[in-house]
Structures are given as structure tokens and as C-alpha cells.
Amino acid sequence: METWWLANSTTAWLILGPLIAAYAPRQLPLSFFSNRVWRYVEALLAFLNPDLTVDIVRREWDDYSIQSSNAYNEVKAYLTAECSRDARAFRAEATGHGDKLLLGLRLGQKVADVYGGAIVWWQPVEDREDGQRFTRRCFRLAFHRSRRDLVVGEYIPHVLRRGREALLATRRRRLYSNNIITDNSYWEKVWDHVYLDHPTTFDTLAMDPARKKGIVDDLDAFRDGREYYARVGKPWKRGYLLHGPPGTGKSSMVAAMANHLGYDIYDVELTVVHHNHDLRKLLVEITDKSIIVIEDIDCSLDLTGERRRAKKRSSSGDDDDDKPSKVTLSGLLNFIDGLWSACGKERIVVFTTNHVDKLDPALIRRGRMDMHIEMSYCCFEAFRTLAKNYLGVDEHPLFGAIRELLGEVNMTPADIAECLMTSKGRGVESCLEHLIEELKKAKAKAQTDEADAEDTAAAAPAEAAESAEQEEKI
């Protein structure tokens with residue numbers, strides 16, 4: 001009987017086995033293994049290795065993201081400052097500050113850190129996940145699973161916060177310029193940078209001290225305004241419009257702002273930006289704590305009075321397809337004040353122009369350009385700053401004559417600085433006498449130009465009458 005059962009079972013399996021393999025779902029064995037066996041294996045592995053890991057990735061190339069994260073650099077700065085002393089293998093990088101080198105962790109080097117009684121381990125690694133095109137570099141954090149809430153909720157924010165502080169304290173300021181954006185810009189840098197070593201500060205900036213103090217106080221209030229902007233429901237950004245004649249210190253003002261706040265500068269060249277959506281690509285790659293500058297905005301693009309001329313262009317049939325840049329006023333407004341402008345924090349937007357009257361009112365209204373700063377001609381107090389900078393003097397008997405002339409002549413701080421620089425080595429009194437001579441020449445020229453203008457204005461009615469008389473005769 002047993003032989004018969006065995007023979008029939010074997011025969012049935014030989015017949016049904018291929019049928020089951022051919023028609024049964026292929027996932028059935030895997031599903032059975034996963035549901036019935038693997039969960040016990042996972043429990044055993046968790047018991048044997050109770051550690052959890054978190055990867056802080058340098059950049060995820062496989063998600064087609066247009067925004068890179070600062071978390072990797074912040075963790076790197078934290079580990080360099082707090083944990084690298086316990087490492088045995090280092091990677092040296094140039095800091096740009098003389099002959100100093102910055103020592104960071106080499107790949108594979110493990111270091112420990114302690115927070116709230118919990119011990120965690122950091123390790124820089126490189127790996128490539130399944131389906132990933134590029135090798136990714138990351139900092140791997142390992143900790144016991146019982147400390148998960150502490151590490152995720154408190155320790156990681158602590159590391160990022162301290163890392164940001166370390167970056168601001170050690171890194172050099174940078175001046176960024178935008179590249180031409182192509183279809184491959186997801187894999188290309190949209191910004192290039194050089195180190196910013198501009199020496200101008202608010203102490204050396206030639207400007208009326210009272211107005212200068214008002215600007216510094218406004219910048220300080222902005223920098224400390226995290227809670228205020230969150231409470232009122234506004235993005236943490238502020239706009240400054242710098243306007244005035246050439247040579248009045250608009251670029252120096254931007255440098256003084258950057259040095260005072262410790263921010264990087266992003267110099268946006270609009271003429272190489274092809275479309276409005278390219279502006280968004282630039283915007284999301286700008287880091288926090290930055291100053292976004294568009295210099296001579298009235299000359300950058302045809303944005304002045306754009307709406308007033310739209311109807312005229314439409315009726316005349318002008319074609320804009322040949323324009324190198326198709327950035328519109330609406331696109332620029334969204335760049336500085338739209339939804340996309342809220343994708344970062346602690347940013348300042350600065351426009352500079354020599355002709356504020358040419359700008360569209362929508363571009364410079366309050367709320368977009370919150371503070372309008374007129375960079376005017378040199379006053380006596382601004383001259384005293386220049387005299388201190390270039391000559392090292394606070395008072396001199398010739399200051400009285402210079403004060404009187406500056407009240408009658410419009411001369412820019414750049415022109416006065418040039419007079420003081422070209423007189424270097426001739427002595428303080430000789431330098432001031434040279435400046436007085438230049439001020440007198442400028443005064444005489446201004447009087448001559450004014451007289452010519454009055455003669456032209458007086459002759460205009462007579463010329464108009466003569467022209468009308470000739471037309472009447474014709």
C-alpha cells in the first residue's frame with residue numbers, strides 16, 4: 001500500500017510540478033518566503049545588530065532635483081571642528097588663508113561623538129545604490145536604535161546648526177557669477193565663484209554718518225529677524241534699491257553689506273539668462289545668507305516701462321524671437337517677490353541704477369525694494385571719512401575751505417578719492433590744496449554750464465518764434 005501511494009505521489013508530482021511552475025505566479029514562492037521566513041530573519045538580524053544608520057548625502061543626482069542641499073557641507077564643517085581631533089587619517093584641503101590647511105576626515109575613517117548620553121559614530125563613505133548613475137559621497141551616521149528619537153529630533157539639528165556656525169566663522173566670502181544655462185544644467189554648475197576680499201566696510205564707506213547708521217541698523221534688524229518674519233508670515237528676505245550718479249559708491253555699499261553681515265554675493269547677469277524658468281534654476285541654487293545683486297538694472301534688459309510699450313510693440317509687429325534673452329518683467333518680479341523667492345532664507349536683493357526714473361514702478365515698489373538708498377554726491381562728513389582713509393587726518397585748517405566748496409559743487413566720492421590718491425606722497429597740506437584746486441575748477445565749470453543753459457533757454461523762444469514766422473511765410 002505504501003509503495004502504491006509513493007509511486008502515485010511521485011507520478012502526480014512529475015505531472016503537476018511542471019504545470020505549477022508554468023502557470024502559478026512567479027511571486028508566490030518569494031511571497032511565501034518574505035511573509036513567513038524573512039520577518040524572522042529580520043528580527044534575528046535586528047537583535048544581533050541594533051544599530052541604525054542615516055546617510056547625509058552630498059548631492060542626489062538621480063532624483064533630477066534642481067536644488068542642492070547644504071546639509072553635507074554643514075556636517076563636514078561640524079565634524080572638522082568637533083570630532084576630527086580623534087581621527088587618525090585625514091584629508092587636507094586648502095583654506096585660501098595663506099599657508100593654512102583644513103584637515104577633514106578621510107574616506108572610511110570613523111569618529112565618535114557624544115550627545116545627551118548617546119554615543120554616535122560618523123564615517124565618510126562612497127557607494128552606489130542600485131540603478132544609480134553616479135557614485136555618491138555621504139557622511140554615514142550610526143547609532144543605537146533606542147536613541148532614535150534623541151538623534152533624529154535633537155542631535156542632527158544640533159549638528160547642522162553648529163556646522164552652519166562653523167562655516168560662517170571659517171570660510172571666506174565668495175562672489176558668484178551665473179553661467180549660461182543649457183539643457184544639461186542639472187548636471188552642470190549654474191554658478192561660478194571667486195573669493196571675495198573686498199576691503200570696504202561701513203567704517204571706510206564715504207557717506208553721511210547718520211544715513212550710514214540707519215542702513216547698518218536696518219541690516220542688523222534683518223539679520224536678527226527670524227522670529228519676526230515667521231510671525232508676520234513673510235519670507236525672510238529684504239530688498240534694497242541703490243540709486244545715484246556713477247561714482248557715488250553703489251558697488252562699495254554692496255561690499256560693505258556683505259562684509260558687515262558675512263554673506264556671499266551672487267552677481268546676476270540677466271543678459272545671459274535666456275528664459276524666465278532659468279531664473280528659477282539660478283534662484284534655487286543660491287545659498288541662504290546671501291546678497292543677490294543686479295547691477296545697473298536699467299541697462300541689463302529692456303525692463304523699463306515694459307508694460308507701457310507692450311501695446312506699441314504689438315501694434316508695430318516687432319518680433320522678440322531674435323532677442324538673446326526673453327526674461328520678462330513678470331519673470332523678474334516672480335524671481336524677487338514670487339512664490340519661488342521663498343525657497344531660501346535670509347537673503348537680500350539689491351538693485352543698483354543710475355536712472356531710477358527709468359525703472360517700472362512695479363519693480364521698485366515697497367515690499368519688493370523695501371529700502372531706497374540714494375547714493376548722492378560727496379558731503380563734508382563723507383569727505384572726512386575719505387581724509388581719514390587716505391591721509392590719516394581728522395582735522396586740518398583747510399577743512400573749512402573744503403566744506404564751503406562741497407556745499408557749492410557736486411563731486412562724487414570717487415572723484416575726491418582720486419584726487420587724494422594721485423596726491424599721495426606730497427604731504428597732507430599739499431593733497432588738500434590739490435583737492436581745493438579741483439573743487440574750484442569744478443565750480444567754475446558748473447557756473448559756465450549753467451550760464452550756457454540759461455542762454456540756450458533764453459534763446460529758445462526767439463528761435464521758436466522765428467521758425468514759426470518762416471513756416472507762416474512758406
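The points below describe a predicted model of one protein, from its overall make-up to single residues.

1. Basis. The model is predicted, so local features are taken only at pLDDT of at least 70 and side-chain atom pairs only at pLDDT 80 or more, while totals for chains, interfaces and linings use all residues. Residues are numbered from 1 along each chain as its sequence is written, and side-chain values use heavy atoms, with hydrogens and water left out.

2. Overall make-up. The protein has 16 helices and 13 strands. Helices (H or I, at least four residues) and strands (E, at least two) are DSSP runs, numbered from the N terminus. Of its 474 residues, 36% count as buried; buried means under 20% relative accessible area, exposed over 50%, and partly exposed in between (1.4 Å probe, protein chains only).

3. Surface and contacts. Of the contacts (heavy atoms within 4.5 Å) between residues at least 6 apart in sequence, 69% join residues at least 24 apart.

4. The sheet. Seven strands form an open sheet of mixed pairing, in the order β8-β7-β10-β11-β12-β9-β13. Two strands pair if DSSP finds at least two bridges between them. β8 and β13 (371-374) stand at the edges with a single partner strand each, so one side of each has no neighbour in the sheet. On average, neighbouring strands of this sheet are turned by 25° against each other, direction ignored.

5. Strand β7 and its partners. Strand β7 (residues 174-178) runs antiparallel to strand β8 (residues 191-195), and five bridges join them. β7 also runs parallel to strand β10 (residues 264-267), here with three bridges. Y176 stands opposite H193 in β8 and opposite Y266 in β10. S177 has D267 as its bridge partner in β10.

6. Helices α5 and α7. Helix α5 (residues 209-223) packs against helix α7 (residues 250-261) at an angle of about 45°, with the axes 11 Å apart. Axes are lines fitted to C-alpha atoms, for helices over the stretch in contact, and angles run from 0 to 180 degrees between N-to-C directions. α5 and α7 are therefore oblique to each other: angles under 35 degrees count as roughly parallel, over 145 as roughly antiparallel, 65 to 115 as roughly perpendicular and the rest as oblique. Their crossing is right-handed, a term for the near helix being turned clockwise from the far one by less than a right angle. I215, V216, L219, D220 and R223 of α5 make the contact with M253, M257, H260 and L261 of α7.

7. Helices α13 and α14. The axes of helix α13 (residues 380-390) and helix α14 (residues 399-406) come within 10 Å and cross at roughly 135°. That makes α13 oblique to α14, and this crossing is right-handed. F380, F383 and A387 in α13 meet F399, I402, R403 and L406 in α14.

8. Positive phi values. Most residues other than glycine have a negative phi. K289, which is not a glycine, has a positive phi of about 55°; K289 lies in the loop between α8 (276-284) and β11 (290-294). K289 counts as partly exposed at 24% relative accessibility. D296 has a positive phi near 50° and is found in the loop between β11 and α9 (297-300). With a relative accessible area of 33%, D296 is partly exposed.
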